[in-house]
Amino acid sequence: MKKLMIHIMLWVMILDTTSLYQIFKIPSLVTHFVEHKALNQEISFMDFLSMHYWGEDINDNDDEKDMQLPFKKFEIQHTSLDFFPCISSFQFKSPGWPVKVNYGPERPQGHYNAALGSLFRPPQA
């Protein structure tokens, strides 16, 4: 049953988003051909198609019916299907990076001698 529903939905989506829905207008094409055949017995189906699609249509005051034929008018359709999952709430979390200050010991560990740090030092043995 699921596969059947998927196939039906697929066909509905294809027919809705493309020009294939024009196929449903084929009965009006046949009906209009029968009307032309009643007016002129000499007309063939190829003559009928060339008259309505490829050439100049004769002025027979049936323009409204002519425009109802399949693939006579093209409508550009663009359907965009975007899927966005439903998220009920947002939660902002700060990374909370702990700032750990480590500058060394609070008191100096040794005794500083200015003479040892200068450029000119006394000679050492």
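User: What's the average pLDDT of the protein?

Analyst: This is a predicted model, and the protein averages a pLDDT of 76.

User: Which elements have the lowest and the highest mean pLDDT?

Analyst: Helix H5, residues 114-117, has the lowest at 68, while H2 has the highest at 87. Where pLDDT is low, the predicted coordinates should not be read in detail.

User: OK, on to the core. Which residues are in the largest nonpolar one?

Analyst: There are 7 residues in that core: Leu 29, Phe 33, Ile 43, Phe 48, Leu 49, Met 51 and Leu 69. H2 and helix H3 (45-54) are the elements that give two or more residues to this core, and H3 gives the most, with 3.

User: And what does Leu 29 touch, beyond four places away in sequence?

Analyst: Phe 45, Phe 48, Leu 49, Tyr 53, Leu 69 and Pro 70.

User: Now His 32. Buried or exposed?

Analyst: His 32, in helix H2, counts as buried because its relative accessibility is 3%, and the cut-off is under 20%. Leaving aside neighbours within four places in sequence, His 32 is in contact with Phe 48, His 52, Asp 62, Lys 65, Asp 66 and Leu 69.

User: Switching to the outside: which residues form a nonpolar patch on the surface?

Analyst: Leu 20, Ile 23, Ile 26, Val 30, Val 34 and Phe 71, with about 490 Å² of accessible area together.

User: Where does Val 34 sit?

Analyst: Val 34 is in helix H2, which covers residues 26-39.

Conventions
Residues are numbered from 1 along each chain as its sequence is written. This is a predicted model: local features need pLDDT of at least 70, side-chain atom pairs count only at pLDDT 80 or more; totals for chains, interfaces and linings use all residues. Side-chain values use heavy atoms; hydrogens and water are left out. Patches are made of residues with over 30% relative accessible area and no salt bridge: like charges are joined within 9 Å, nonpolar side chains (Val, Leu, Ile, Met, Phe, Trp, Tyr) within 5 Å. Accessible areas come from the Shrake-Rupley method with a 1.4 Å probe; for residues, only the protein chains shown count as cover. A salt bridge is a side-chain nitrogen of Lys or Arg within 4 Å of a carboxyl oxygen of Asp or Glu. Helices (H or I, at least four residues) and strands (E, at least two) are DSSP runs, numbered from the N terminus. Buried means under 20% relative accessible area, exposed over 50%, partly exposed in between (1.4 Å probe, protein chains only). Contact means heavy atoms within 4.5 Å. pLDDT is the predictor's confidence in each residue, from 0 to 100. A nonpolar core is a set of buried Ala, Val, Leu, Ile, Met, Phe, Trp, Tyr and Cys residues joined through side-chain atoms within 4.5 Å.
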